[in-house]
Amino acid sequence: MKRKFNLLSIIVFVVLIINFIGGCFYAGLGFYEGFNEGIKASHNQGTPFKSESPVMVQLLPSSLVKHPEYVTNTVDGKPVKAQMTQGVVWLDKDVMGGIPGFISTFCAIISTVLTLLVMWHFIRFIKNINRQEIFTWKNVNLLETMGGLLIAASALNLIYSWIQCYTISQAFAVEGRIIDWLSPLCSSNIILGVLACIIGEVFAMGLRLREDQELTI
């Protein structure tokens, strides 16, 4: 039973790690490449430097019939209709900066800190279970805290993503495509946060029932 619990806990922890590392990787890559471009521009002072920022764009086709594109199917070499819905565009950094850029960056940083706190609380919860401390108010508090932190981190990520969507929509548009505002809602952290709160409430109900039985006896 304990082995199965530890296996499931590892799976949940891996999901959190993947979400965290994925965000940090692309943020670090963007910082590294931007830093190198700035160094090159400082060495080539005579060359005009255009400050651009790569931005991931999620698009939806405005129609499944109109505006199809043709790509070559490398399996049989035949052209097929396609509508690309995801890509990277390079926009002027002035467009992506300002107050919206500051707010989105702030939300991303706070969300990262909250994710680290979730990992720390989750490790403490696993340690308590392995010490046979299962139905305790300590675990209830840990579960409710983890749930709250995950939901808060998801809310901040949602704010960050929607600010990005709004900023991109003001500077970039493609015929036959619209900005996908709903994709940020598809987050596993929201589900994990709600599940943690539900499990915490179940633990609390069990503890209250046990306390009521002890008082009755």
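User: Is Phe135 buried, partly exposed or exposed?
Analyst: This is a predicted model: local features need pLDDT of at least 70, side-chain atom pairs count only at pLDDT 80 or more, and totals for chains, interfaces and linings use all residues. Residues are numbered from 1 along each chain as its sequence is written, and side-chain values use heavy atoms, without hydrogens and water. Buried means under 20% relative accessible area, exposed over 50%, and partly exposed in between (1.4 Å probe, protein chains only). Phe135 has a relative accessible area of 44%, so the residue is partly exposed.

User: Which kind of aromatic pair do Phe135 and Phe203 form?
Analyst: The structure holds one aromatic pair. Its rings, those of Phe135 and Phe203, have centres 4.9 Å apart and planes at 40°. Rings of Phe, Tyr and Trp (its six-membered ring) pair if their centres lie within 6.5 Å; planes under 30 degrees apart are stacked, over 60 edge-to-face, and the rest tilted. The planes of Phe135 and Phe203 therefore make the pair tilted.

User: Is Phe203 buried or exposed?
Analyst: Take the relative accessible area of Phe203, which is 12%. That value is under 20%, so Phe203 is buried.

User: In which order do the elements of the chain run from the N terminus on?
Analyst: The secondary structure comes to five helices and five strands. Read from the N terminus on, the order is α-β-β-β-β-α-α-α-β-α.

User: Which residue in strand 3 is the bridge partner of Val71?
Analyst: Two strands pair if DSSP finds at least two bridges between them. Strand 2 (residues 69-72) and strand 3 (residues 79-82) are joined by four bridges and run antiparallel. In strand 3, the partner of Val71 is Val80.

User: Which residue takes a positive phi in the hairpin of strand 2 and strand 3?
Analyst: This hairpin has six residues between the strands. A positive phi near 80° is found there at Gly77.

User: Which residue has a positive phi although it is not a glycine?
Analyst: Look in the loop between helix 3 and helix 4, the place of Gln132. At 54% relative accessibility, Gln132 counts as exposed. The positive phi of about 70° belongs to Gln132.

User: How many salt bridges are there?
Analyst: Side chains of opposite charge can pair when their charged atoms come close. A salt bridge is a side-chain nitrogen of Lys or Arg within 4 Å of a carboxyl oxygen of Asp or Glu. By this rule the count is three.

User: Which residues are linked in a network of salt bridges?
Analyst: Glu133 forms a salt bridge with Arg131, with the closest N and O atoms 3.8 Å apart. Glu133 also meets Lys138 in a salt bridge, at 3.8 Å from N to O. The network links Arg131, Glu133 and Lys138.

User: How far apart are the closest N and O atoms of Arg208 and Glu201?
Analyst: Arg208 counts as partly exposed at 40% relative accessibility. Glu201 is partly exposed too, at 36%. They form a salt bridge, with the closest N and O atoms apart by 3.7 Å.

User: Which helix gives the largest share of the nonpolar patch?
Analyst: Patches are made of residues with over 30% relative accessible area and no salt bridge: like charges are joined within 9 Å, nonpolar side chains (Val, Leu, Ile, Met, Phe, Trp, Tyr) within 5 Å. Accessible areas come from the Shrake-Rupley method with a 1.4 Å probe; for residues, only the protein chains shown count as cover. Ile151, Ile191, Val194, Leu195, Ile198, Ile199 and Val202 form the surface patch, with about 580 Å² together. Six residues, the largest share, come from helix 5.

User: How many disulfides are there?
Analyst: A disulfide is a pair of cysteine sulfur atoms within 2.5 Å. Cys165 counts as buried at 10% relative accessibility, and Cys197 is partly exposed at 28%. By the distance rule, the number of disulfides is zero.

Technical notes:
Helices (H or I, at least four residues) and strands (E, at least two) are DSSP runs, numbered from the N terminus.
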